[in-house]
Amino acid sequence: MTIGSIIGEPLSIHKLVSSKREKVDRVVDLLNEVGLRPDLLNRYPHEFSGGQRQRIGIARAIALKPEFIVCDEPVSALDVSIQAQVINLLSDLQKKFKLTYLFIAHDLKVVEYISNRVAVMYLGEIVELARSEDIYRDPKHPYTQALLSAIPVPDPKAKKQRIILKGDVPSPIHPPPGCPFHTRCHYKIVDRCKTEHPELRELAPGHWASCHLAE
Ligand code: SF4
């Protein structure tokens, strides 16, 4: 399919345009919104770079004027400079259309830049949830602490205490009993960690963590 057809198809399916002309006009608007030239309308995806293809995907995602978009690893396959362009585009569209994103990523600097609230997951469970600035300033869960300690610091003289987690990630299908993190936790764990699943508790206003010893 040409990118014009790809972006225009949801408009036809949901009967949001009444003529071919109206559909083309709307696709042209969407291409402009994501920074692509409208004359590219009849080109095919393989003719575009990775960053441009991501813009095409974003145009299709906003075509139906959603309130909520799930962005699953939207920049992980892109070069760093292109990542910045796509993230800035997502931020601009978020403000313009008052969008809410669920942004799934492994790059913690990208997460910090784009997120208002951050949920950290381990073996399919949320182990910590807080406002972005709180989680990066004061991580409560040992898994979050280990993740944040791995962020590279762009200063060769900076001293950083890296927390290295031992052992492999257990199978999410057969998670360990008690706290799912107890086989790799760097805290001095207690018996309770091996038998009792920690609840997600609010340790400070809006800051939740599931760890028996998080205080
Ligand atoms: S509950 Fe125990 S094992 Fe789990 S994260 Fe907290 S200290 Fe570590």
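Hi everyone. Let's start with a definition: helices are DSSP runs of H or I with at least four residues, strands are runs of E with at least two, and both are numbered from the N terminus. What you see is a predicted model, where local features need pLDDT of at least 70, side-chain atom pairs count only at pLDDT 80 or more, and totals for chains, interfaces and linings use all residues. Residues are numbered from 1 along each chain as its sequence is written.

Now to helix α4, residues 80-97. It has 18 residues and reaches 26 Å from first C-alpha to last, close to the 26 Å expected at 1.5 Å a residue (that is, 1.5 Å times one less than the number of residues).

Which residues of α4 are buried? Gln 83, Val 86 and Leu 90, where buried means 20 or more other C-beta atoms within 10 Å of a residue's own, and exposed means 12 or fewer, with C-beta atoms placed from the backbone. These three sit on the same side of α4, because they cover an arc of only 70 degrees around the axis, taken from the directions from the helix axis to the C-beta atoms. On the other side, Ser 81, Lys 95 and Lys 96 are exposed.

The buried residues of α4 pack against α3 (50-62), β1 (68-72), β2 (100-104) and α5 (108-114); contact here means backbone-placed C-beta atoms within 7 Å. Just after the helix, Lys 98 has a positive phi of about 50 degrees.

Finally, look at Tyr 122. Leaving out residues up to four places away in sequence, Tyr 122 touches Val 127, Tyr 143, Pro 180 and Phe 181.

Terms used
Two residues are in contact if their C-beta atoms, placed from the backbone, lie within 7 Å.
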